[in-house]
Each structure stands twice: as C-alpha cells, then as structure tokens.
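Here is a short tour for someone meeting this structure for the first time. Have a look at the fold before reading on.

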Amino acid sequence: MIVLIGFMGSGKTTVGYLLAEKLGVPFVDSDIHIERKEKRSIRAIFDEDGEAAFRQIEHRTVVEILSGPDAVVALGGGAAEHAGTRLAFPGAIVIYLEVEYDEAVLRIGHDAYRPMMSMANLRGIYERRLPLYRSVATLKVRTNGRRPEAIVMEIIEAVVAPATVPDQVQSILVAPMGGAHYVHIGEGLIERFGDLLPVLHGGENAFVISAIDDVEMVESVATGLRDRGLVVSTFVVPLGPRCKSFEIVHQLSLFLASHNAHRDDVIVGVGDDSLCYLVGFVASTFNRGIKLALLPTTLLGQVDLAIGGKNAINLPQGSNLIGTIYQPIVVVDDVDIASSRRQDGFVSGIAETIKHALIADAELLSFLFKNAQAILLGDKDLLCSVVARSVDIKAQIVAADEREQGERIYLNYGHTFGHAFEYLLEETPDRHGQAVALGMMAAAYLAYRQGRISNEVVEQHRQILSAYGLCTFGRFQMEDMHRAWMHDKKYRGGVRFVVLNGIGLPEGGVEVSDETLIDVLNDLAT
C-alpha cells in the first residue's frame, strides 16, 4: 500500500496514476472516492456541512481504503491533519510529495472545485501542514520543476529496492507498466537471495519451485527466506521443457492450494528458462496473481528469458502458445551459477546477448568479440559486465513497451527465422541459441538483399557468431519454413521480420515475398 500525501498542487493525482500503472496495482483518489459515495462534490460537502464534517467523512474513507487491497492512494491535502487518519498509516509506504507554496498556487490557478482555495490564510494552512507531512512520511520527494515521469521513477527506485544490496552487485531497474522491479547481478548471490527480496507486506509463506537438478541450490535460497521470517515449502518439477505443461501447472496449483498460498506470499523459481516460464505462468494465474521472484540458473535465463515478464507453457503444436505477461518482484542473476553451467543454456544466452548488441549497442558487440575466448571459459568479471549490459538493454525496451505493441518487437531480431529453425532442428542443449544465431544470419542476408546494410555488416554477424561457435550456415526448405511459421504465435496472415538498417538501428514489421525468402535461404546454405 502506497499513500501519497502533500499540499494541493503537489501532483498526487498525476503521479499516482503513473505510479500505479508502473507497479501494476490500482490507483485510488480519496477525493473521487468520497464524491462517488456521497453523490456530491467536495465543494458541495464543504459548503453544505462544513470542513469538520468533511474531515470525518474523509477519515472514515481513508481508513476503509487503507484496509483494502494494495493500491496507490492519493489523499487530499488536509487528510494528514486528522489524528485518526494518521493512525491508519503504519504498514503503508507514505510518500510526501513536497512542493513550494508559490509553485503549488501557480499549478492550481483558480480551481473553483478546490474549497481550500477560498480560505483567507492559504499560506498559513500550507505552513501548518508541512511538519505533519514530514512527520508521517516514509519517503520525501521534491516535485518543483520536475516532470511526473521523473518523480515516479525516483519513487519506484526507492520502494522496490531491498533494505541492503551487497557490495559489487549491479542492480538494474526494470520499470514497465505492470510491475517495476530490480534485477541484481553479481557473484555468490544465491547465498544473499533473502536479503535481495523486497519487503513482502503481509507475506507469510515462500514456495520455492525447482527442477531436480537444482535441488541442492534450494536450501541456500530457503535459508535466506527463513531468515526473513517466511515459512518455506518446496516443490520439484521435471527438468527442462517437459515442465511447461498443463499437467505440471495443475500439480503445482494443487500444491499451492493445499498450502493455503495467498496473494501476499511469494513463489520463488530456481532453475532454467523453462522453469522460470512455468513458475511465472502459475504465479500469474493462481489467485489471479501471487508475488513472483526468480533466480535463473542459466545464462539464457539471466540475460533474456527471466527479464520482461513473459511466461508460458507449451502445447504439442508449439512452444509457449499459452502464456501471460506478469512481472516478478525481483530477479537475481548469480553469474557463479551461469559460469559453472556452461554446458546448459550458456551458448543460447550468448546468442541473445549478441542479439541485444546488434539491435542496440555497437560497443557491446565489440566487447563480446574482443573477449570471446575468456567469456566462453566463464570469466566471471566479464560475465557480470555482459549480463548487466544485456539486461539493461532489455530493461529499457521492456519499460517502453511491455506488451510488444512497439519497440519490444525489436527483441525478435532473428527470432522469426529462428523459431522456424528451432522447430526444424534436432533437439540439443543449445538448440535455441543455434536457431537464433541462424535466424540473425538470415535476417542479415535479408537486410543486405533489401539494400539496408552493407556486406561488411553481414560479415560482422558471421564473425561474432562464429567466435562463440554459433551456427552461420544451414539448409532449409521453404515449405518446411511455412509449416513451422503456422505454429508461430506472432503469425498474422503471414510473418513479418525485424531487420537492421545498421548496427543499433532495427526496424520491425517488415513483410517479405516468398521469392526473397527463398533467396535468403539459399544465402544461408552457401
């Protein structure tokens, strides 16, 4: 529960709407709530019954709101003056939006709907309230001369952060509409997982879900959760993509129900990308949403699949066909684990990192090429840098476009080809990465044929992918590609592609004729 207080004109309503969207919770304006219940305006209540009567109505309303579901709540400027209302604040995060008097009056203008504007000593009222605002505030945020978006980001950075972050940990804020959270990146973080978990208001239980190969890690995670005062229960699912099925969803949901899981509790996924997708799907649907925390154990999960809120399970006809968008409250990337598991999802993670570099960061591309050998050997310092930059790129894109209505489509660079290739390739531990690599190579050939990039950029693709042992050559038939694309969830009367107009210059929604696609497949085969 987040409560916004401050003098009128401080921006509580504007900031509140934006903050609620980012956090994925409802927004409640106490004044609007009062007007709906009373069926008359605040101005009318003041004129007909007086301020004292209004403050009593306001007090009862605020107590009712704060005893309800989590929300961002904007209070009237005078609400904090009521002693009983202030007694309802403990347990909530109270944010004081501080505005100077002259700025507040300038913003308000001559708003006839604000009864306090007619008071003779408005400045005196302002000065009387300042100590009260400061005394109850958990966080004070200055608003003078600042855009609402900047104010919201300052609040989010504070309210979703853990109490302490270990030294040498890089923390990246992911702030899409629907659930802002931090991704913490560093070494040995599995031992600090409990410290990195945000405050769980009302949470009593933690349900740690893992695959059989990750059971040894679970006890380290569970110890940290118990230290936070949580009751820990564990559940083991099959390893790899086999866990992403309705059968496992059913079993896991029954487990949560039998342990009386509530929305304020937390589900913790410890495992590879498949497990993260499964656990996210269950968290998004059980009780219409229960808190989710992720500790991905593969490089692929750390740089890509645990970031952005996508969750899904498979059908026989294709992967990830049943899914949701649901953001976690934290992601913890322990690069020690990724480094020690280079046989499991590592090259696939590198492929996704190369994709991020190609669509957004030429410097990262150069860094990856220069340090390929050391990264392949699992150099942890280099991995921390690579993971952090890759997460940052994806975080910025996801924050701007959570539901793939705009620039998030750029993250599909190489994937339209790649999903079809993955459908056609034999199953191997890094099939996803090899398919995406082939997809990026095909996308480069396509952009070259369309006159968007030079042969030098095509060669950059080949060199960086080859440096990591990723595929740059393959033979595929157009009929097989069409059959695979029919199972692609992004199919809309055909397929569309993301191409580059240069390194860091992606363009989405590109339609291509079959004749050109055949030429691209021929390029990929030579």
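What follows walks through a pocket, a lysine on its lining, a cavity, a pair of helices and a pair of rings.

## The second largest pocket

Keep in mind that this is a predicted model. Its second largest pocket holds about 1,200 Å³ of space, and 40 residues line it. If you want to find the middle of that pocket, look for Leu-23, Val-25, Asp-70, Lys-291 and Ile-329, which lie nearest its centre.

Two elements give two or more residues to this lining: helix 8 (148-159) and strand 11 (291-296). As for the make-up of the pocket lining, 25 residues are nonpolar, eight are polar and seven are charged.

## Lys-291 up close

Lys-291 is one of the residues nearest the centre of the second largest pocket, and its place in the fold is strand 11. What does Lys-291 touch, once neighbours within four places in sequence are left aside? Its contacts are Asp-70, Leu-200, Arg-263, Asp-264, Asp-265, Val-266, Ile-267, Tyr-326 and Ile-329. Asp-70 and Ile-329 turn up again here, as they also lie nearest the pocket's centre.

## The cavity

How many cavities of 30 Å³ or more are there? The structure has one, and the largest cavity has a volume of about 50 Å³.

Helix 12 (273-285), strand 11 and strand 12 (310-315) each give two or more residues to the lining of the largest cavity. Among the lining residues are Cys-276, Tyr-277, Leu-292, Leu-294, Lys-310, Asn-311 and Tyr-326. Sorted by class, the cavity lining has nine nonpolar residues, two polar ones and one charged.

## Helix 15 meets helix 16

Two packed helices are described by the angle between their axes and the distance between the axes. For helix 15 (residues 346-360) and helix 16 (residues 362-370), the axes come within 7 Å and cross at roughly 140°. That angle makes helix 15 oblique to helix 16.

On the helix 15 side, the contact is made by Thr-353, Ile-354, Ala-357, Leu-358 and Ala-360. Helix 16 answers with Ala-362, Leu-364, Leu-365 and Leu-368. By class, that gives eight nonpolar residues, one polar and no charged ones.

## Rings side by side

The count of aromatic pairs comes to 12. Take Phe-235 and Phe-255: their ring centres are 4.9 Å apart and their planes sit at 40°, so the pair is tilted.

Phe-235 belongs to strand 9 (residues 231-237) and Phe-255 to helix 11 (residues 246-258), so the pair ties together parts that are 20 residues apart in sequence.

Definitions and conventions:
Residues numbered from 1 in each chain as written. Predicted model: local features only at pLDDT ≥ 70, side-chain atom pairs only at ≥ 80, totals over all residues. Heavy atoms only, no water. 1 Å grid on protein atoms, 1.4 Å probe; cavity = no way out; pocket = protein on both sides within 12 Å on 5 of 7 lines; lining within 4 Å. Points joined across faces, edges and corners; volume = space filled by probe spheres on them. Helix = DSSP H or I, 4+ residues; strand = E, 2+ residues; numbered from the N terminus. Nonpolar A, V, L, I, M, F, W, Y, C, P; charged D, E, K, R; others polar. Axes fitted to C-alpha atoms, helices over the stretch in contact; angles between N-to-C directions. Parallel < 35°, antiparallel > 145°, perpendicular 65-115°, else oblique. Contact = heavy atoms within 4.5 Å. Phe/Tyr/Trp six-rings, centres within 6.5 Å; stacked < 30°, edge-to-face > 60°.
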